Amino acid sequence: MTAQLTFRRADTDDLDILVALYDGAARWMLANGIDQWKPGEKSAEHFLLRMKEGEVWLAESADGTAAGGYELWWDDEPAWGAQPPVAGYVHRLMVRRGVAAGTGAALLAHAEHRIAEAGRPLCRLDCASSNPRLRTYYERRGYTAVGEQPFKSGAGGSSYGVTLMERRVG
């Protein structure tokens, strides 16, 4: 079964939904032995800032239920350093548990379309180096590893390694 989704920009009325999507994905990761996201780590203030500095998108199923979401940034110096404006950067690709198969791929395809619409030829993202399953997921969708950032800054001043990945779009 493939996801039938409607996409829209998130707004301030959606902050609780975004936090719930994040926390749900974080709980799933922990339950599956993936040490990456933690419930409670991203607040409404985080998503409000992302709305002001970039774009936050929600995908809704036919009944209007939030199926997933993602952040789209137009630069990402912490992971990629200073770059010319040739890419969009996808962050926090979140899927609600129990939705149709293919929802994550549909979210990613939507982000790629938005980036191409903006006239940028590359979709970039980073994934935790400690999560090879996620890297494989992106590779199956045409992403190529183009580098490593061993000391990306995390919550509370911690650092962690990420694999930098990109795909040509448009």
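These legends describe close-up views of a predicted model.

View 1. An α-helix has 3.6 residues a turn, so residues three or four places apart point the same way.

**View 2. The largest nonpolar core, with 18 residues.** Tyr-70, Val-90, Leu-125, Tyr-138 and Tyr-143 are the residues with the most contacts inside this core. Two or more residues each come from S2, S3, S4, helix H4 (103–117) and strand S5 (122–128), and H4 gives the most, with 4 residues.

**View 3. The surroundings of Tyr-143.** When its neighbours within four places in sequence are left aside, Tyr-143 is in contact with Leu-108, Glu-112, Cys-123, Leu-125, Tyr-138, Met-165, Glu-166 and Arg-167. A second, separate core of 17 residues includes Leu-18, Ile-34, Met-51 and Val-56.

**View 4. The cysteines Cys-123 and Cys-127.** A search of the whole structure finds 0 disulfides. For Cys-123, the closest cysteine sulfur is that of Cys-127, and at 12 Å it is too far for a bond, since a disulfide needs the two sulfur atoms within 2.5 Å. Both residues count as buried, Cys-123 at 0% relative accessibility and Cys-127 at 1%.

Note on methods:
Residues are numbered from 1 along each chain as its sequence is written. This is a predicted model: local features need pLDDT of at least 70, side-chain atom pairs count only at pLDDT 80 or more; totals for chains, interfaces and linings use all residues. Side-chain values use heavy atoms; hydrogens and water are left out. A nonpolar core is a set of buried Ala, Val, Leu, Ile, Met, Phe, Trp, Tyr and Cys residues joined through side-chain atoms within 4.5 Å. Buried means under 20% relative accessible area, exposed over 50%, partly exposed in between (1.4 Å probe, protein chains only). Contact means heavy atoms within 4.5 Å.
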